Amino acid sequence: MVEVKEVSKRYGGKKVIDQVSLSIPRCQLTSLIGPNGAGKSTLLSIMSRLISKDSGEVWIDGKELSRYRTEELAKKISILKQSNHIAARLTVKELVSFGRFPYSRGRLTRQDKEYVSEAIRYMELDDFQHRYLDELSGGQRQRAYIAMVLAQDTDYIFLDEPLNNLDMKHSVQMMKVLRNLVDQLDKTIVIVMHDINFASCYSDYIVALKDGKVISKGDVSTIMRSQVLRGIYDLDVHIQTIENRRICVYF
């Protein structure tokens, strides 16, 4: 389990995370939602130790985050940020192989190669695995980065807006893959989401942030209510139930 306790972060004079406390359920898909500037990406980065917190604690499986050695944490958590820039010219397969670095240190074993091949297959990148990243579309590159995260094979997967640059088909495919990782492989996934309907259809648990604070959290039925969503987005949102799924209509 991931436990965030009274975590705060300030940039200059602005507090972007304000005494946030929450528990992330194990073996579930948790979506972080909220308007731009709510602090979702900052919180995710703090939870993965990519950026430091000013105060508070983050505990993962009963151990405070600061006590993990880097190589130990890399086998526990994998993260994909919004912006990914690698200067070297790499093929898809080479990029995905980086996911095995915490285990192989660059010398891939047969098992490492199997993880890489499986991740490439999962993301339907077999036909592109020998192409260079700069030869791919934005959506194809995004899928390659996700495959790298999958190859890392960690218990916890943190994803910051992974649907960026993906078309409708591959967005659905992505969410189905993540759902299967939870249901079939007992992964714990935390994902920053802007599409509230994807969050509704695929999440087990939703945390809503606004102005750096958690203003609501709970299962889908708790969050997907017109009154709750209005408090999050300052927008009138109508909820319709379609095939037992709560869908927002806000156009």
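R143, I146 and L150 in helix α6 meet H170, Q173, M174, V177 and L181 in helix α7, where contact means heavy atoms within 4.5 Å. The residues of this contact divide into 5 nonpolar, 2 polar and 1 charged; Ala, Val, Leu, Ile, Met, Phe, Trp, Tyr, Cys and Pro count as nonpolar, Asp, Glu, Lys and Arg as charged, and the others, Gly among them, as polar.

A word on the model: it is predicted, so local features need pLDDT of at least 70 and side-chain atom pairs count only at pLDDT 80 or more, while totals for chains, interfaces and linings use all residues. Residues are numbered from 1 along each chain as its sequence is written, and side-chain values use heavy atoms, with hydrogens and water left out.

How do the two helices cross? The axes of α6 and α7 come within 12 Å and cross at roughly 5 degrees, which makes α6 roughly parallel to α7 (angles under 35 degrees count as such). Axes are lines fitted to C-alpha atoms, for helices over the stretch in contact, and angles run from 0 to 180 degrees between N-to-C directions.

Now to the sheet. Helix α7 lies across β3, β7 and β8, running at about 150 degrees to β8. The open sheet has 6 strands in the order β6-β7-β8-β3-β9-β10, with mixed pairing. Its edge strands, β6 and β10, each pair on one side only. Strands pair if DSSP finds at least two bridges between them; β7 and β8 do so in the parallel sense over 5 bridges, with F158 opposite V190 in β8.

Helices (H or I, at least four residues) and strands (E, at least two) are DSSP runs, numbered from the N terminus.

| Element | Residues |
|---|---|
| Helix α6 | residues 138–152 |
| Helix α7 | residues 168–185 |
| Strand β7 | residues 156–160 |
| Strand β8 | residues 188–192 |

Notes:
Parallel < 35°, antiparallel > 145°, perpendicular 65-115°, else oblique.
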